[in-house]
Amino acid sequence: MLLSPGYRRLLLLCVLLGVPIALACFFFVGLQHQLQHWVWTSLPAAAGYDTPPWWWPLPALVLAGLILAPIVTRMPGAGGHLPVNGLGGPPVGPKALPGAVLAALATLPLGVVLGPEAPLMAVGSGLALLAVRRAGAGGDQRAGAILATAGSTAAISTILGGPVAAAVLLIEGAGLAGAQMVVLLLPCLLASATGSLVFTGFGQWTGLKIGALALPDLPPAANPDAGDFLWGIPTAALIAVLITLARELGHRTVSWTRRHTAVRTVACATAVGVCVAAYALITGRSPAEAALSGQAALAQLAADPHAWPVGALIALVACKGLAWGIALGSLRGGPIFPSVLLGTATAMACSGLPGFGVTPALALGISAAAAAVTGLPLSSAVLAVLLTGGDASDQMPLIVTASVVSFVVSQVVRRTEPEAAHAPTTGTTG
């Protein structure tokens, strides 16, 4: 199959598709970032506030619910996948793509406690399937499935550190092996590498910021020792329990919103706003730290962890965790980015324990949270390695251990959910 002319044409098509998909994703994330900055920085400044006041999330999230309600009840595709189901499910087709894009651009900037990764994958798969149908190849279901997966992988690679992380996520999430894995992996690597190249250079040409998940500043490096493992293993288990309980809240929210969907969607968005406002009232800090996807807050926490009192970290985990659980089952977006902040905040709150370092806590928090929410321990470890950069080689044993411990504990906690316990939540093939 690898040597057949049809497969070589498929590889070429993936390279050609990688450029427009990456450009679409670039402007999608850039616009979302600009709208977010306007809602949470420019508009409060214009109203005379240095930071958003505690009540700011309430009208913003109510508005998000009012916008999202008709999208999920009237538009094809219901605004995209439910985030409580991870990034999996069938690819989003061209008919459902407008609803997914509108739901993301209209609600994520308003403070919905979800990330952009799921809408990005919808953009990638939708554009790829649209290209296949326009080219008259819609009857070839196998080629369509490969191109849709390649499009999703190209899209997700733009904010997960490049094609390697996306490829590992694909391999582990799809559960493929042998020749089948190679057949699907090569198009995805080509498309995601092309997309990553576009993202690397295009931002400098336009001046737009895309807000990809990154940690430009990290605490001073420190090799993990016995104390870090002594405290790190139970901390990873705690993170797994917290993330899994929040996901269970998301499943319950899904059941609750199946009836009277429009009204209850608005109610859930309002509840998310109450949780975020509660964080600001309790801590006296900006509500933006508990709102949104958590990318900016994660970078701030990594750059200056000592600026966050333990009480503020606990309040962040409690309030954002509750808001995230509600949003998972009612709103639209990606589940991974907020969970990474929750795991990191939990680990940082525990880093004051004797013999537990800040840098090891940061690394294991990322890895444990990602493993708990995705069910993919290898991909989670790779993500933590990419985010910790030069410190990764020293932290690797702790990163891998935390990922495995979190994965096992999350499976134990979810033992009453047979389907969830046996199906990874980030499979990209559907």
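**View 1. The largest nonpolar core.** Of the 109 residues in the largest nonpolar core, Leu114, Val272, Trp324, Leu331 and Leu364 touch the most other members. Helix 1 (residues 5-46) contributes the largest share of this core, 11 residues. A nonpolar core is a set of buried Ala, Val, Leu, Ile, Met, Phe, Trp, Tyr and Cys residues joined through side-chain atoms within 4.5 Å. Buried means under 20% relative accessible area, exposed means over 50%, and partly exposed lies in between (1.4 Å probe, protein chains only). Leucine 331 touches Leu68, Leu82, Pro83, Val112, Leu114, Thr265, Ala269 and Val272, with residues up to four places away in sequence not counted. Contact means heavy atoms within 4.5 Å.

The model is predicted: local features need pLDDT of at least 70 and side-chain atom pairs count only at pLDDT 80 or more, while totals for chains, interfaces and linings use all residues. Residues are numbered from 1 along each chain as its sequence is written, and side-chain values use heavy atoms, with hydrogens and water left out.

**View 2. The whole chain, for orientation.** The chain has 16 helices and 0 strands. Helices (H or I, at least four residues) and strands (E, at least two) are DSSP runs, numbered from the N terminus. Of the 430 residues, 57% count as buried. Among contacts between residues at least 6 apart in sequence, 81% join residues at least 24 apart. The chain exposes about 16,900 Å², and carbon and sulfur atoms supply 68% of that area. Accessible areas come from the Shrake-Rupley method with a 1.4 Å probe; for residues, only the protein chains shown count as cover.

**View 3. Helix 9 and its cover.** The 23 residues of helix 9 should span 33 Å at 1.5 Å a residue, and the end C-alpha atoms are 33 Å apart, which agrees. The expected span of a helix is 1.5 Å times one less than its number of residues. The buried residues of helix 9 are Thr265, Val266, Cys268, Ala269, Val272, Gly273, Cys275, Val276, Ala277, Tyr279 and Ala280. Their cover includes helix 2, helix 8 and helix 11. Proline 59 is found in helix 2 (residues 57-74), and its C-alpha atom is separated by 8.3 Å from that of threonine 270, 211 residues apart along the chain. Proline 59 counts as partly exposed, at 47% relative accessibility. Helix 9 is followed by glycine 284, whose phi is positive, near 75 degrees.

**View 4. Helices 3 and 11.** In helix 11 (residues 310-328), 14 of the 19 residues are buried, so this helix is largely enclosed by the rest of the structure. In helix 3 the buried residues are Leu97, Gly99, Ala100, Ala103, Ala104, Leu105, Ala106 and Thr107.

**View 5. The loop between helix 9 and helix 10.** Serine 286 is placed in the loop between helix 9 (261-283) and helix 10 (295-303). Serine 286 is buried, with a relative accessible area of 16%. A polar atom of its side chain lies 3.1 Å from the backbone nitrogen of alanine 288. Leaving aside neighbours within four places in sequence, serine 286 is in contact with Thr51, Pro52 and Tyr279. Leucine 292 lies in the loop between helix 9 and helix 10 and is buried, with a relative accessible area of 9%. Most residues other than glycine have a negative phi. Phi of leucine 292 is positive, near 65 degrees.

**View 6. Salt bridges.** A search of the whole structure finds 2 salt bridges. A salt bridge is a side-chain nitrogen of Lys or Arg within 4 Å of a carboxyl oxygen of Asp or Glu. Glutamate 289 pairs with arginine 285, the closest N and O atoms being 2.9 Å apart. Glutamate 289 is buried, at 10% relative accessible area, whereas arginine 285 is partly exposed, at 23%. Arginine 252 pairs with glutamate 248, the closest N and O atoms being 3.3 Å apart. Both residues lie in helix 8 (residues 226-257), 4 residues apart, about one turn of the helix. Arginine 252 counts as exposed, at 58% relative accessibility, and glutamate 248 as partly exposed, at 22%.

Terms used
A polar contact is a pair of N or O atoms within 3.5 Å; within protein, one must be able to donate a hydrogen and the other to accept it, and residues adjacent in sequence count only if both atoms are side-chain atoms.
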